[in-house]
Amino acid sequence: MLKIKREKGIIFCCSGPSGVGKDTLIAEVRKKYPELVHSISLTTRQPRPGEVPGQDYHFCEKEEFERLIESGEIIEYDVFCDNYYGTLAQVLREAEAGGTDIFLDITVAGSLRLKELFPDAVLIFILPPSQETLIERLKARRTEAESVINSRVEKAKEEVKNAAAFDYVVVNDTIKDAVSCLEAIVLAERSRSGRFLFN
Ligand code: 5GP
């Protein structure tokens, strides 16, 4: 009897402008596929109201973050609006080796860096239907000051230019459609023949 086994877990990197809804989409996909892990990043930014340490992010001081970069415990990181954000090496390596599929919500530069380190990683760019919608969503969130919103919008314009370097683009117009699209990507990537060992 032919035995087929998937060799490694898949790393799904989601990038896209701040406020585009990456977190919501990942959470919705995980409701249907709870075995998908969401990587919890490390950041030096202050927690927003309602954010839970160890669940939304691991929050730490700048000195601690820099120590972890030095020691190689942070596999990729970026500076976003004056704060550090990074992925813990151990989380990714464990997921990949253990056959667990993992979702990351990271900057464009972070995704491109991970693709260099893990060429099988799947890069997904989440786009807003328009710039106006993005600004409305950031304002509706009511978690950032006007100046922070402006710098996030500027950063978004810069990041969108890199969408073509990603494997997939998902437009988050309605959550339902965007979630269906993400689920389709997960299923397609899980079915790629190159990810299986046949014997
Ligand atoms: P926020 O402050 O809105 O939670 O996140 C700001 C940006 O940092 C978002 O674009 C988010 O995707 C990105 N980010 C969060 N965690 C990481 C990480 O571990 N690495 C990188 N490169 N970016 C991250």
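**Aromatic rings and the ligand pocket**

Tyr57, Phe59, Phe80 and Tyr85 form one aromatic cluster, in a model that is predicted.

Q: What makes the pair of phenylalanine 80 and tyrosine 85 edge-to-face?
A: The ring centres of phenylalanine 80 and tyrosine 85 are 6.0 Å apart and their planes stand at 85°. Centres within 6.5 Å make a pair and planes over 60 degrees apart count as edge-to-face, so this pair is edge-to-face.

Q: Why is phenylalanine 80 called buried?
A: Phenylalanine 80 has a relative accessible area of 7%, and buried means under 20%, so phenylalanine 80 is buried.

Q: Why does tyrosine 85 count as buried?
A: Its relative accessibility is 12%, and the cut-off for buried is under 20%, so tyrosine 85 counts as buried.

Q: How do you know that tyrosine 77 and tyrosine 84 form an aromatic pair, and what makes it edge-to-face?
A: The structure holds nine aromatic pairs, and one of them joins tyrosine 77 and tyrosine 84, at 5.8 Å centre to centre with 70° between the planes.

Q: Why is tyrosine 77 called partly exposed?
A: The relative accessible area of tyrosine 77 is 39%, and partly exposed lies between the 20% limit for buried and the 50% limit for exposed, so tyrosine 77 is partly exposed. Tyrosine 84, at 15% relative accessibility, counts as buried, because buried means under 20%.

Q: What makes threonine 43 buried, and which backbone atoms does its side chain reach?
A: Threonine 43, found in strand β4 (residues 42-43), has a relative accessible area of 0%, and under 20% means buried, so threonine 43 is buried. The side chain of threonine 43 reaches the backbone nitrogen of arginine 45 at 3.1 Å and the backbone oxygen of tyrosine 84 at 2.8 Å.

Q: Where does the ligand sit, and which residues around it are the closest?
A: The ligand sits in the largest pocket, surrounded by 16 residues, of which Ser41, Arg45, Tyr57, Tyr85 and Asp105 are the closest.

Definitions and conventions:
Residues are numbered from 1 along each chain as its sequence is written. This is a predicted model: local features need pLDDT of at least 70, side-chain atom pairs count only at pLDDT 80 or more; totals for chains, interfaces and linings use all residues. Side-chain values use heavy atoms; hydrogens and water are left out. Rings of Phe, Tyr and Trp (its six-membered ring) pair if their centres lie within 6.5 Å; planes under 30 degrees apart count as stacked, over 60 as edge-to-face and the rest as tilted. Buried means under 20% relative accessible area, exposed over 50%, partly exposed in between (1.4 Å probe, protein chains only). A residue is near a molecule or strand if one of its heavy atoms lies within 4 Å of it. On a 1 Å grid over the protein atoms alone, a cavity is a set of points where a 1.4 Å probe fits but cannot get out, and a pocket is an open set with protein on both sides within 12 Å along at least five of seven lines; lining residues have an atom within 4 Å of a point. A molecule sits in a cavity or pocket if more than half of its atoms lie within 2 Å of its grid points. Helices (H or I, at least four residues) and strands (E, at least two) are DSSP runs, numbered from the N terminus. A polar contact is a pair of N or O atoms within 3.5 Å; within protein, one must be able to donate a hydrogen and the other to accept it, and residues adjacent in sequence count only if both atoms are side-chain atoms.
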